Amino acid sequence: MATKLEQLLTSLQASLGDKITKHIVAFNEVTIECKSADYLNVCQTLRDDASLKFEQLIDLSGVDYQAYGDGVYDGMRYAVVCHFLSVTLNHRVRLRVFAQDEDFPILPTLVDTWPVANWYEREAFDLFGIMFENHPDLRRLLTDYGFVGHPFRKDFPMIGTVEMRYDPEQQRVIYQPVSIDERNNVPRVIRSEGAHHG
């Protein structure tokens with residue numbers, strides 16, 4: 001008898017066919033991938049197909065794969081990962097889709113399929129710089145209005161680029177270049193308790 005995960009994978013393959021470019025079953029979860037050109041169509045099928053019924057988008061996040069796998073990774077850099085839940089059929093699936101253009105990562109918005117995608121996509125735009133085509137209100141969500149760059153990108157400096165402080169003479173908050181020195185973020189060696197040295 002097929003397990004619940006095997007049944008889900010069979011249903012996904014039957015409904016999506018060759019639109020699934022890759023699938024992984026690990027840690028009791030199913031992850032599928034599709035091409036960015038098929039992203040909207042795949043999501044519509046996940047929601048509307050009677051054997052799938054993923055009514056809820058639980059989460060949507062950007063991912064930056066630069067330097068992934070200790071630098072041996074050579075695939076596309078930016079992806080969006082979605083987690084879906086079928087309340088009706090009590091199953092979950094993860095969908096990963098890569099943006100084709102590393103210099104201007106862009107994917108279609110899911111707002112028309114799941115309205116909750118609105119803020120998730122704004123967060124991915126703000127933190128990773130991933131654009132969402134036809135999003136109704138794509139603007140920063142977590143950083144300040146004048147913020148430059150996308151802080152979750154792997155090449156964004158750990159100390160940032162500007163700092164803000166209150167200036168009593170101007171009686172307002174001002175921005176200035178970071179005055180902190182770059183630090184090496186290699187963890188300290190913690191010696192075990194009771195070890196005798198030299």
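**Exercise 1.** Name the residue that stands opposite His 23 in E2, then follow the pairing onward into E5.

*Solution.* Step 1: the residue in E2 opposite His 23 is Ile 32. This is a predicted model, in which local features need pLDDT of at least 70 and side-chain atom pairs count only at pLDDT 80 or more, while totals for chains, interfaces and linings use all residues. Residues are numbered from 1 along each chain as its sequence is written, and side-chain values use heavy atoms, with hydrogens and water left out.

Step 1: helices (H or I, at least four residues) and strands (E, at least two) are DSSP runs, numbered from the N terminus. Two strands pair if DSSP finds at least two bridges between them. E1 and E2 are joined by five bridges in the antiparallel sense. Their hairpin has two residues between the strands, and Phe 27 there has a positive phi near 55°.

Step 2: Ile 32 also has a bridge partner in E5, Leu 95. E2 and E5 share four bridges, and the sense is parallel.

**Exercise 2.** Give the strand order of the sheet and say which strands stand at its edges.

*Solution.* Step 1: the open sheet of five strands has the order E1-E2-E5-E4-E3, with mixed pairing. Step 2: E1 (22–26) and E3 each have a single partner strand, so they are the edges, and one side of each lacks a neighbour in the sheet. Step 3: from one strand to the next the twist averages 20°.

Step 3: Contact means heavy atoms within 4.5 Å. Axes are lines fitted to C-alpha atoms, for helices over the stretch in contact, and angles run from 0 to 180 degrees between N-to-C directions. H1 packs on the sheet and touches E1, E2 and E5, at about 15° to the direction of E2. Helix H3 (residues 117–128) lies across E3 and E4 and runs at about 5° to E3.

**Exercise 3.** Decide where the buried residues of H2 point, and find what covers them.

*Solution.* Step 1: buried means under 20% relative accessible area, exposed over 50%, and partly exposed in between (1.4 Å probe, protein chains only). In H2 (residues 39–48), the buried residues are Tyr 39, Val 42, Cys 43, Thr 45 and Leu 46. Step 2: down the axis of H2 they fall within an arc of 160° (taken from the directions from the helix axis to the C-beta atoms), so they line one face. An α-helix has 3.6 residues a turn, so residues three or four places apart point the same way. Step 3: the cover includes helix H1 (4–16) and strand E4 (78–86), among others.

**Exercise 4.** Describe the largest nonpolar core.

*Solution.* Step 1: a nonpolar core is a set of buried Ala, Val, Leu, Ile, Met, Phe, Trp, Tyr and Cys residues joined through side-chain atoms within 4.5 Å. Step 2: the largest has 35 residues, and those with the most contacts inside it include Leu 12, Cys 82 and Leu 95. Step 3: H1 gives the most to this core, with five residues.
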